[in-house]
Amino acid sequence: MFTAIVVVGTVAGLSVNFLQGRTSHASIVAGSAYGLLLSVLLGGIELFILGGPMRDWLGRLSFTASLIARSTIYAAIIVIIQGFSLGELIAGLPVETSRSAFWSSFVSAAIIAVLMNLTFSIANIIGPRAFLNFVTGRYHSPVEEDRFILFVDIAGSTGLAERLGGLAIHRLLDRTFRLLTLAVVDYHGEVLNYVGDEVIVTWREQSGAIDCRPLRCFMAMRDELAQASAQLDQEFGVVPRIRGSLHFGPVIVGEIGDVKRAIVFNGDVMNTTARLEELSRSVDGGFLASRAAMERFSSTPPFALRDLGRLPIRGRADGIDVLGIEAPALT
């Protein structure tokens with residue numbers, strides 16, 4: 001992602017130069033330098049600061065407020081780089097001190113920065129991978145892919161809703177999903193959807209098989225909730241618990257709809273994972289993984305599992321072989 005930002009930023013810097021009629025060798029070097037500096041700084045701040053320590057704070061803002069906050073930070077960086085004429089200094093060109101030259105360069109760079117920021121914001125709403133897939137048209141025509149599917153459900157959400165009320169349960173779900181998403185990002189998963197009190201995460205086979213990422217992701221989700229337990233208990237009077245299920249197999253992925261277009265997943269794998277999640281409610285550890293998923297991992301699971309044999313499941317006459325987590329769920 002960072003590499004893509006740097007490449008696009010450098011090309012944009014060159015494009016601004018050509019649009020302004022600056023085509024000499026030194027001007028090209030200066031334009032490239034500006035594009036590289038801006039993309040490295042803005043991309044680094046976006047991914048590692050705004051998308052890191054400041055992510056939770058920005059997430060509490062509306063789309064417009066977040067866009068303004070990010071753009072203000074971007075503008076401050078652009079002013080510093082343009083004010084010191086770093087591109088000209090790197091290219092060995094005389095520094096242009098006229099006010100019109102500064103504002104011309106500033107406006108051009110600011111427009112590009114805001115467009116980049118708008119792209120980041122939209123990608124954050126629909127998901128970076130989904131955004132990229134829409135742009136590239138990867139699923140414009142449906143395709144079949146082998147995928148890991150992880151369903152994660154908040155235990156006892158119906159009782160929590162009755163206890164807390166509609167507004168409070170919404171805030172609790174939002175806070176909980178934000179915490180769970182941190183683990184998804186860390187383990188390179190893709191949030192497919194939020195459905196009521198449930199989040200669905202997916203990995204393509206090659207990515208998910210590495211280091212048992214789906215399993216590690218689920219346990220990291222529990223760790224995130226455990227670390228935030230004191231804060232959640234103080235704010236809501238409860239600490240949510242999660243259950244989960246994991247399955248693997250072929251799914252059909254494709255765009256669907258018109259006015260509100262979406263990328264959807266269909267197939268027996270989705271139904272089976274949902275039914276495994278229902279079964280996980282009655283097993284110690286609160287998690288079930290199909291043997292089909294476990295056999296696809298390229299390394300040994302990072303924690304002890306127990307073989308639960310073949311369990312009956314709705315829609316499958318022969319049942320399904322499953323394993324559970326040895327460690328009990330947090331209470």
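This is a predicted model: local features need pLDDT of at least 70, side-chain atom pairs count only at pLDDT 80 or more; totals for chains, interfaces and linings use all residues.
User: Salt bridges then. How many in the whole structure?
Analyst: A search finds 14. A salt bridge here is a side-chain nitrogen of Lys or Arg within 4 Å of a carboxyl oxygen of Asp or Glu.

User: What does Arg147 pair with?
Analyst: Glu190, at 3.5 Å from N to O. Arg147 is in strand 1 (residues 143-154) and Glu190 in strand 2 (residues 190-195), so the bridge ties together parts 43 residues apart in sequence. Strands (E, at least two residues) and helices (H or I, at least four) are DSSP runs, numbered from the N terminus.

User: Is that pair buried or exposed?
Analyst: Both Arg147 and Glu190 are buried. Buried means under 20% relative accessible area, exposed over 50%, partly exposed in between (1.4 Å probe, protein chains only).

User: And Arg291, which residue is its partner?
Analyst: Asp307, with the closest N and O atoms 2.6 Å apart. Arg291 lies in helix 14 (residues 291-294) and Asp307 in strand 7 (residues 305-313), so this pair joins parts 16 residues apart in sequence. Arg291 is partly exposed at 27% relative accessible area. Asp307 counts as exposed because its relative accessibility is 52%.

User: What about Arg310?
Analyst: The side chain of Arg310 meets that of Asp321 in a salt bridge, 3.0 Å from N to O. Arg310 is in strand 7 and Asp321 in strand 8 (residues 316-325), eleven residues apart. Asp321 is partly exposed, with a relative accessible area of 27%.

User: New topic. Which residues make up the nonpolar surface patch?
Analyst: Ile80, Phe84, Leu86, Leu89, Ile90 and Val95, with about 580 Å² of accessible area together. Patch residues have over 30% relative accessible area and no salt bridge; like charges are joined within 9 Å, nonpolar side chains (Val, Leu, Ile, Met, Phe, Trp, Tyr) within 5 Å. Areas come from the Shrake-Rupley method with a 1.4 Å probe, and for residues only the protein chains shown count as cover.

User: Which element gives the largest share?
Analyst: Helix 5 (residues 86-91), with three residues. Leu86 lies in that helix and is partly exposed, at 30% relative accessible area.

User: How do helix 8 and helix 9 cross?
Analyst: The axes of helix 8 (residues 157-164) and helix 9 (residues 166-186) come within 7 Å and cross at roughly 130°. That makes helix 8 oblique to helix 9. Axes are lines fitted to C-alpha atoms, for helices over the stretch in contact, and angles run from 0 to 180 degrees between N-to-C directions. Under 35 degrees is roughly parallel, over 145 roughly antiparallel, 65 to 115 roughly perpendicular, the rest oblique.

User: Backbone next. What is phi at His188?
Analyst: Near 60°, a positive value in a residue other than glycine. Most residues other than glycine have a negative phi. His188 sits in the loop between helix 9 and strand 2 and is partly exposed at 40% relative accessibility.

User: And where is Asp211?
Analyst: In the loop between helix 10 (205-208) and helix 11 (213-227). Asp211 has a positive phi of about 55°.

How values were computed: Residues are numbered from 1 along each chain as its sequence is written. Side-chain values use heavy atoms; hydrogens and water are left out.
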